[in-house]
Amino acid sequence: MMEVEVEATNGSSYPHGLLESADVETIVAQYTGHALLQRLVFVAKKAAEKKDETLELEALKVACDESKKGEHTSLHKEVTELMRGRCGPEYDCDAAWVDQVDRRTAQKQDKLESELNGYKANLIKESIRMGHTFLGEFFYEKGDLNAALKCYIRTRDYCTTSKHVVTMCLNVIKVSLELENYLHVLNYVQKGEQNPGVQQDAKTMDKLKCAAGLANLANGKYKIAARNFLEVSAELDNNYSDVIAPQDVATYGAFCALASFDRSELKQKLIDSVSFRNLLELVPEVREVVYDFYASRYASCLKMLTGLKKYLEYDIYLHKHIEELGNQIREKAIVQYTIPFTSVVLQNMATAFNVDVDSLEKEIADLIANGQIHAKVDSHNKILYSRGTDQRDTTFERVKKTGSDYQRDSEHVLLRARLLEYQLVQTSGSSKAAAAMSPELDEK
């Protein structure tokens, strides 16, 4: 397998403005539907926390315009309330539009419910399934996620083909992700993957892997999440843009893998993966972090990682985990740096990590206390000494344990043989077993 190396980028200018702040135009280009509106509102709220009024109002303006393209009137009201009249009268709540849409959706709901009742009276399974699906889509577009989830789940009893089951699973997963019901997501991902024929449908498998990755990421199971994201093919493209973008898959997968994989697994499943490497090309900054980490260019890697945090704090799924992932990546880098050496001069190591010696010494002391580094620190001379294991003692202990295990198992076998001989075991056919064992015991 070919080992890939990418030279570190010089300077602090990166494409897409990822190291500066969230880019509203990029969000609009990458997402559709609920994902677009969700992320815009989240960016606006995050920008308000950081006192970035320009970014906040820009995101709210786009969200206001996008909200009027659908039937989500409650979201339109929320966005205009967040603006508080700061964008002029053209971005005030459009009460006439809200009333018009609410009346139209009320009529549409009555019609869909009436049609569904007719299908139930006729007992046509396919019509009933479609009726529940249409009603679920209606509630989803309207923003009533709990009602949409109930409708989608009800279609389960009327699915007659494997394709129907997969469609039901994807609908439930999409709504459950927005409701942050991640147990539901994982359950229906499993149902979808167990469906016959789905393994040959690359697009469906990509969607299921993305959903599983998001759920495991939200639950803090970074290693499982990394494996999910790394199994997504480069053909994902914009097929799941109402939930996640290919750039997100590359970013989430890379950071989870750096935080949880060992060096061999990182090379096998990330560095040498042609499919995932194509996804990484969509986010050059993240690609640089990955290859710098693998090439042990830790100062450059951690510097870019710190810069990327400014952007990822605006990410709706990663913002809660980026600090923890960053800490785990840094700790793993320190541990990997110390593994090949019997002793390390802390001054040299501090230079490699671009930090001062005292702060590095404190980090190393914490890692030693946690059992991640088996070494001791000479604080006076600022040298780290590895605690080498005595291979002779280790081998002796292993042999001793094997002998003890063998002795214990032998005693158990002999005890059972004697119990069978004297018919003290309550089992069917115990007399025959005891009779069969007796000649062998006499011979011994």
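**Helices, rings and surface**

Start with helix α10, residues 202–218: at 1.5 Å a residue its 17 residues should span 24 Å, and its end C-alpha atoms are 24 Å apart, which agrees. The expected span here is 1.5 Å times one less than the number of residues. Helices are DSSP runs of H or I with at least four residues, strands are runs of E with at least two, and both are numbered from the N terminus.

Two notes on the source: this is a predicted model, where local features need pLDDT of at least 70, side-chain atom pairs count only at pLDDT 80 or more, and totals for chains, interfaces and linings use all residues. Residues are numbered from 1 along each chain as its sequence is written, and side-chain values use heavy atoms, with hydrogens and water left out.

Back to α10, which is mostly covered, with 13 of its 17 residues buried. Buried means under 20% relative accessible area, exposed over 50%, and partly exposed in between, with a 1.4 Å probe and protein chains only. Just after α10, Gly-220 has a positive phi of about 80 degrees.

How many of the 15 residues of α12 are buried? The count is 15 of the 15, so α12 is largely enclosed by the rest of the structure.

Next, the rings. Rings of Phe, Tyr and Trp (its six-membered ring) pair if their centres lie within 6.5 Å; planes under 30 degrees apart count as stacked, over 60 as edge-to-face, and the rest as tilted. By this rule there are six aromatic pairs. One of them is Tyr-298 with Tyr-337, edge-to-face, at 6.4 Å centre to centre and 65 degrees between the planes. Tyr-298 lies in helix α16 and Tyr-337 in helix α17 (residues 322–338), so the pair ties together parts that are 39 residues apart in sequence. Both tyrosines, Tyr-298 and Tyr-337, are buried. Together with Phe-293 and Phe-353 they form one aromatic cluster.

Ser-296 lies between α15 (284–294) and α16 (298–312), and counts as partly exposed because its relative accessibility is 38%. Its C-alpha atom is 9.2 Å from that of Ala-352, 56 residues apart along the chain.

Last, Leu-419, in helix α20 (residues 391–421). At 30% relative accessibility, Leu-419 counts as partly exposed.
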